[in-house]
Amino acid sequence: MTKSDKLVSTNEKIFNGAMTVIGVIISIVALYPIFYVLIASLSKPIFVENGDVMFWFKGFNFESYKQAFMKDGIWIAYGNTIFYTVAGVFVNMLFTTTMAYALSRERLIFRKFFTLMAIFTMWFNAGMIPLYMTFKDFNLLDTRTAIIVGFAINTYNLVIMKSFFEQIPKSLEEAAFIDGANNLKIFSRIFLPLSKPALATVGMFYAVTRWNGYFWAMNLLQDDNKVPLQVLLKKLIVDKVANETEAAIVTANSLFSPTTVIYAIIIIAIIPMMIAYPFVQKYFKKGATVGAVKG
């Protein structure tokens, strides 16, 4: 090994070591808020209110979780969130994949025009009030349809799927046409099976957005039996702030408080996404970077 090779090897080790340290620091900064919410939800509220809970539990107990599970409407809200996520992701993937397939085929008439119109919405949109009025004009206020179908396509996810479909060899499609397959068969039997990384990535993006979505659900839904968990959580936080004086009455014997119950609900809310992510992680890296390879 020459002197220059040894220098390059040393520089690579220094660079890799520095990147590892930076990655660990970023991970700690990103994960600490979640860790704090977890340990605070399992601690006595007197320690949480006094700022004594920083890096580990104090007064370990599950009472906040018991109270969270007994909150009025939490199971209905949780069921609504699961329904909106499952049904919403199905609608998202149905519309996104079919539109991406059409836009990825050069034989589509006015393909560039339709692609430009889709991408145009990434920078320009009508705004919140016109969109709300659109829902109102279509009589979709306070309906589950507004939440599920009203946000069927995200342009960024559409671009990812379109880029991935464009990388599939044309020879496969041409061979299928020669064998008598139509567009539907080619899409369902060739393109979808070969697009698992992109499907997993886009599906995860949609699932996280659906699961955490509260803004439009809060504005479009008035019936408490239709609101998702995030809207209920937001209501609990607002009520806590409105009743701050009452919430501050915490004694040394208190096993829960409005604050620790809210923390418990937050943990309950994020668990499904944390469980789901490892199952799509093996596809995530390849699928998430495909949009940067080819536009």
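Some ground rules. The model is predicted, so local features need pLDDT of at least 70 and side-chain atom pairs count only at pLDDT 80 or more, while totals for chains, interfaces and linings use all residues. Residues are numbered from 1 along each chain as its sequence is written, and side-chain values use heavy atoms, with hydrogens and water left out.

I start with the whole chain. The protein chain has 15 helices and 0 strands. Helices here are DSSP runs of H or I of at least four residues, strands are runs of E of at least two, and both are numbered from the N terminus. Of the 295 residues, 36% count as buried. Buried means under 20% relative accessible area, exposed means over 50%, and partly exposed is in between, with a 1.4 Å probe and protein chains only. Contact means heavy atoms within 4.5 Å. Among contacts between residues at least 6 apart in sequence, 75% join residues at least 24 apart.

Next, helix packing. Two packed helices are described by the angle between their axes and the distance between the axes. The axes are lines fitted to C-alpha atoms, for helices over the stretch in contact, and the angles run from 0 to 180 degrees between N-to-C directions.

Take helix H8, residues 155-166, and H11. Their axes come within 10 Å and cross at roughly 175 degrees. H8 and H11 are therefore roughly antiparallel. The cut-offs are under 35 degrees for roughly parallel, over 145 for roughly antiparallel, 65 to 115 for roughly perpendicular, and oblique for the rest. On the H8 side the contact includes Ile-160, Met-161 and Phe-164, and on the H11 side Leu-199, Val-202 and Phe-205 are among the residues. The residues of this contact of H8 with H11 divide into 10 nonpolar, 1 polar and no charged. Nonpolar covers Ala, Val, Leu, Ile, Met, Phe, Trp, Tyr, Cys and Pro; charged covers Asp, Glu, Lys and Arg; the others, Gly among them, are polar.

The second contact is between helix H4, residues 74-104, and helix H10, residues 183-191, which pack at about 110 degrees with their axes 12 Å apart. H4 and H10 are therefore roughly perpendicular to each other. Thr-97, Thr-98 and Tyr-101 of H4 meet Asn-183, Ile-186, Phe-187 and Phe-191 of H10. That contact of H4 with H10 has 4 nonpolar residues, 3 polar and no charged.

Now the aromatic rings. How many aromatic pairs does a search of the whole structure find? It finds 23. Rings of Phe, Tyr and Trp (its six-membered ring) pair if their centres lie within 6.5 Å; planes under 30 degrees apart are stacked, over 60 edge-to-face, and the rest tilted. Phe-60 and Phe-62 have ring centres 5.1 Å apart and planes at 85 degrees, so this pair is edge-to-face. Phe-60 is partly exposed at 47% relative accessibility, and Phe-62 is partly exposed with a relative accessible area of 47%. Tyr-78 and Trp-211 are also an edge-to-face pair, 5.7 Å centre to centre with 80 degrees between the planes. Tyr-78 lies in H4 and Trp-211 in H11, residues 196-212, so the pair ties together parts 133 residues apart in sequence. Tyr-78 is buried at 14%, and Trp-211 is buried at 5%.

Finally, one aromatic cluster is formed by Phe-35, Trp-56, Phe-57, Phe-60 and Phe-62.
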